[in-house]
Amino acid sequence: MAEICLGFIVLGLTAYGVLGGADFGAGFWDLTAGGDRRGGRVRGLVQRSMSPVWEANHVWLIFVLVIAWTAFPLAFGAIFTTLAVPLFLAALGIILRGTAFALRGQAGTMREARLLGATFALSSVVVPFWFGTVLGGIASGRVRARDPAADVDAWLNSTSIAIGVLAVLSGAYLAAVFLAGDARRAELPDLERAFRARALGAGAVTGAAAMVALLVVRSDARPLFDGLTSGSGLAAIIVSALAGIATLALVWTERFDIARGTAALAVAAVIAGWVLANEPDLLPGQLTIDAAAAANATLTALVVSIGLGLVILLPSLYYLYGLVLRGRLDQAYEPLDQRFRPLSAGDEEQP
Amino acid sequence: MTHSAPAGRGSLRRVPDPGLLVLAADQVTGALGDNVAPDAIEARRMQALSLAVHIPLVCFGIAFPAMFMFVHGLYLRTGAPHYKALAKRWSKVALILFAVGVVTGTILSFEFGLLWPDFMATFGDVFGLAFGLEGVSFFVEAIFIAIYVYGWDRLPERTHFLTGIPVVIAGVAGSFNVIAVNGWMNNPQGFDVVDGQVRDPRPWEALLNDNLWHELVHMYLAGYIVAGFIVAGVYAAAHLRGRRDAYHRTGLVVALSFAALAAPAQVIVGDWAGRTVAEKQPVKLAAFEGLPETTQGAPFTIGGWYDEDTNQLNGGIEIPKLLSLLATHDPNGTVQGLGTVPADDRPPVNIVRYAFHTMIGIGTALATLGALFVLVWWRKRRLPRSRWFYRAVMAAGPLALVALIAGWITTEVGRQPWIVYEVMRVSDAVTGNDGLEVGFAALVLVYLGLGGAVAWLLRRLAARPPERELARS
């Protein structure tokens, strides 16, 4: 039962890493798009692509949290005590980014759009970084299970920083792949080319950063490195690397829809690899999965409810993403600097 | 001690007899270690601020989907374009409020861990199931509100209407689960305490606790009252400025009807809630009224100030026997006093008492206003004509918000000093980390910015001419 719950958490983390990560990555491209005029086209596409899905994508985070504190309460309490600072900073970033994004769609002047856009884009880069430092702290065995206390070293260390940077980059990579596909669907060849180039560049940089991160982990957190370079951990890392390379090839040959799948697989494999590398521990060297798990009555109740929940959720998500990918919910495309017609959702003619 | 519901009775609660109260062995200090912070005020302030920001949005999550779906239904039946324009407008506002609710709700779940790690570590497996279910309904809400709002004029009409229905259901289901946790904190059951350790969690029993039902109905109606009066206030203002076309009139009548029907019903539910508190949390009820000693035929006092040193209620206007009548439905009924528990186990009386009185005062006024509207509409088939009525409706929204927050202060400050009522103290659950002042200051700044931005945006939205449908018709 504990393994199934951990499986739910891995599923949630993967979905959040891929879908939520891509939304953060879209913010990265929004941030680096340039001035009002030049960046207006990129920002218009970001706004249009994210609008119908970002809330659902965000809920995966909640999904992970509620399962974590129900199934592994002790580990949850220890993690949130030790890593309180980056988690709080991430939470603040989440408020700023979500609100700024929702309101930017309604901005009435360029100045408002600039302020809201900058808030959205900056926090989109910061939040995954903090989440990455949290994962780094956990994975490198820096969270104590007994008498935990806030600890700067738990998140300000080389593994945390490496994973934080990797989280930002992989989000940007995913976003570029997804946005290239969206640009094609919207029949915007210039943006398709722009995001294809970004995807290739970000893919190469992310791959290189992943190598560096592995070297950092080797010197900073040897047990984690050994887990990742042997047995099932190694298998997952190889899958991730292959999927990453395949994605680059698919983007090169402009098959963006398949590339969505392989890019997601690359991220999913890393998360799975991390969990496999830790087995049988949940908090490395501190707490095993079994010791951290709640009582059986709770685990059973949770598995039953989440299992039934997924029976509702998965078709619903399929319906949402199906509508989105077939362009059924698409708004008319408009570069953001020209788009201060508020209430635009649903008001324009179908393109 | 077993926190379970014996067959045939609602639940075990301590008999309100001072001799049997609170044994240390029944209490839990937490699984993470002995990080006791005697003064949890910073953490409580932070949590209270975050909840106060989030709860008004929850009201809209509960009530607004039902409101726009009702208007959407009117459109499907009549084909009148102003109904479509209004449903569209409301659903767009609902989406923005939902987005803000998503992020402010996320902060709450972070704060559970950041501020109360020992509460989560000790009891997460008891009450967590409710949040698991909440996660699912939240997901459904996020998926379908996006499909519904972005589906206007894009999906086939019938399909589009159907995609709105899960939004209504999920809004209710979500609050059900969150209220279940709050009910459980106030009336904990579904676990055993053995030597200060929590054992044998029974999550379904914890989920379906005895406080769930009245709290749920109370909050559900509050959602309709708050959202209904706030929305109605916008159209009442328009009415006073002379905008009385079918579009504005529908906005006023629909929103006001929801609120006006809920407000009088809330009086009855409030009575139910009050009597449950009298039975299950007698010390909390004593704090509502500042009742120092157990009294037969206890009076109800309006105004005055409770002196916690002398344990006396000074000043105020006393209405004989009313408290006994309200709490037990018997003018000579016995009401337990604060003196039945040690001073350390009592909530801060004046805050709880004034919050309680604010809530029932405003609640009564809103019920009267609602009843007046229903009466005029029913007897004369028209809106009231007095300008004062519209001014009152404009004031009713903000007042309903105040009553909402006052109600939550009543129940949550009234729960003090316990995080799990009479089992775990807030001071045992709070984080041992420093720097909460900094976090609080940062949160205040972020929320000020957020509040300002949302208010500015909604004002602008309200000032904008109605959707295209009207121009076309």
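Biologist: Which residues of helix 10 of chain B does helix 8 of chain B meet?
Modeller: From helix 8 of chain B, the residues involved are B:Ala287, B:Phe288 and B:Glu289, and they meet B:Val349, B:Val352, B:Arg353 and B:Phe356 in helix 10 of chain B. Bear in mind that this is a predicted model.

Biologist: OK, and how do the residues of that contact divide by class?
Modeller: Five are nonpolar, two are charged and none is polar.

Biologist: At what angle do those two helices pack?
Modeller: About 75°, with the axes of helix 8 (residues 282–289) and helix 10 (residues 349–380) of chain B 6 Å apart. Angles of 65 to 115 degrees count as roughly perpendicular, so helix 8 of chain B is roughly perpendicular to helix 10 of chain B.

Biologist: Switching to the two chains together. How many residues are in contact between chain B and chain A?
Modeller: On chain B, 65 residues are in contact with 63 residues of chain A. The elements giving two or more residues to chain B's side are helix 2 (81–115), helix 3 (117–150), helix 5 (203–207) and helix 13 (436–463) of chain B.

Biologist: Which of them gives the most?
Modeller: Helix 3 of chain B, with 23 residues.

Biologist: What about helix 2 of chain B, how is it placed against helix 5 of chain A: roughly parallel or roughly antiparallel?
Modeller: Roughly antiparallel. Helix 5 of chain A covers residues 84–104, and its angle to helix 2 of chain B is about 175°, with the axes 9 Å apart. Anything over 145 degrees counts as roughly antiparallel, which is why the pair gets that description.

Biologist: Which residues should I click on to see where they meet?
Modeller: In helix 5 of chain A, they include A:Leu87, A:Phe88, A:Ile94 and A:Ile95. Over in helix 2 of chain B, look at B:Ile96, B:Val103, B:Ile107 and B:Phe110, among others. By class, this contact has 15 nonpolar and four polar residues, with no charged ones.

Biologist: New topic: how many helices and strands does each chain have?
Modeller: Chain A has 13 helices and two strands. In chain B there are 14 helices and 11 strands.

Biologist: How does chain A's radius of gyration fit with a compact globule?
Modeller: It agrees, because a compact globule of 351 residues would come out near 20 Å and chain A has 20 Å. The C-alpha trace of chain A spans about 55 × 40 × 35 Å along its principal axes, and 63% of its residues are buried.

Biologist: And what does chain B look like on those counts?
Modeller: For its 473 residues the globule value would be near 23 Å; chain B has 24 Å, which agrees. Its C-alpha trace spans about 75 × 50 × 45 Å, and buried residues make up 53% of the chain.

Biologist: What share of chain A's contacts joins residues at least 24 apart?
Modeller: Taking contacts between residues at least 6 apart in sequence, 79% in chain A. For chain B, counted that way, the share is 78%.

Biologist: Last one: where does pLDDT stay under 50 in chain A?
Modeller: Over residues 341–351, for which the model has 26 contacts beyond four places in sequence. Chain A as a whole averages a pLDDT of 88, and 96% of its residues score at least 70.

Terms used. Residues numbered from 1 in each chain as written. Chains lettered and ligands numbered in written order. Predicted model: local features only at pLDDT ≥ 70, side-chain atom pairs only at ≥ 80, totals over all residues. Contact = placed C-beta atoms within 7 Å. Helix = DSSP H or I, 4+ residues; strand = E, 2+ residues; numbered from the N terminus. pLDDT = per-residue confidence, 0-100. Rg over C-alpha atoms; globule rule 2.2 N^0.38 Å. Buried ≥ 20, exposed ≤ 12 C-beta atoms within 10 Å, placed from the backbone. Axes fitted to C-alpha atoms, helices over the stretch in contact; angles between N-to-C directions. Parallel < 35°, antiparallel > 145°, perpendicular 65-115°, else oblique. Nonpolar A, V, L, I, M, F, W, Y, C, P; charged D, E, K, R; others polar.
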